[in-house]
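Biologist: Could you take me through one residue of this protein and its surroundings, step by step? I would like to see where the residue sits and what lies around it.

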Amino acid sequence: MDKTEEGVLQMTTVKISGMRCQHCVNATSQALEAIAGVSNVSIDLDKGEASFEGDVSFETIKETISKIGFEVIG
Ligand SMILES: [Cu+2]
């Protein structure tokens, strides 16, 4: 878990399985950005990880990712 400073939104990283190319990365990025309260989404395709800022439940992230055909695995 990344360090959280006062006044700075918490950074969350989740593992996602199923992303294979830049198109998948874009789809994931757009889906996460569309969630209210989520910002600064960045995706690492090699690691299969997505990082973002915002106070949002893990269930919401899981649901959003599964809707576009991928799976949150951690
Ligand atoms: Cu792809």
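Biologist: The residue I would like to follow is Lys 15: where is its place, and with which residues is Lys 15 in contact, leaving aside its neighbours within four places in sequence?

Modeller: Happy to! A word on the basis: this is a predicted model, in which local features need pLDDT of at least 70 and side-chain atom pairs count only at pLDDT 80 or more, while totals for chains, interfaces and linings use all residues. Residues are numbered from 1 along each chain as its sequence is written.

Lys 15 has its place in strand S1, residues 11–17. Helices (H or I, at least four residues) and strands (E, at least two) are DSSP runs, numbered from the N terminus. Lys 15 is exposed, because 12 other C-beta atoms lie within 10 Å; a residue is exposed at 12 or fewer such atoms, buried at 20 or more and partly exposed in between, with C-beta atoms placed from the backbone. Of the protein's 74 residues, 15% count as buried.

Beyond its neighbours within four places in sequence, Lys 15 is in contact with Gly 48, Glu 49, Val 72, Ile 73 and Gly 74; contact means that two C-beta atoms, placed from the backbone, lie within 7 Å. Take Glu 49: 34 residues separate it from Lys 15 in sequence, yet the two C-alpha atoms are 4.5 Å apart.

The protein's elements run β-α-β-β-α-β from the N terminus on. The 4 strands form an open sheet in the order S2-S3-S1-S4, with antiparallel pairing; two strands pair if DSSP finds at least two bridges between them. Strands S2 (39–44) and S4 (71–72) stand at the edges with a single partner strand each, so one side of each is left without a neighbour in the sheet. Helix H1 (residues 22–33) packs on this sheet and touches S1, S2 and S3.

S1 is joined to strand S3 (residues 49–53) by 5 bridges. Among the bridge partners, Thr 12 has Phe 52 and Met 11 has Glu 53.

On to S2, which 4 bridges join to S3, with Ile 43 opposite Ala 50. S2 and S3 form a hairpin with 4 residues between them, and Gly 48, in the turn, has a positive phi of about 65 degrees.

Definitions and conventions
Axes fitted to C-alpha atoms, helices over the stretch in contact; angles between N-to-C directions.
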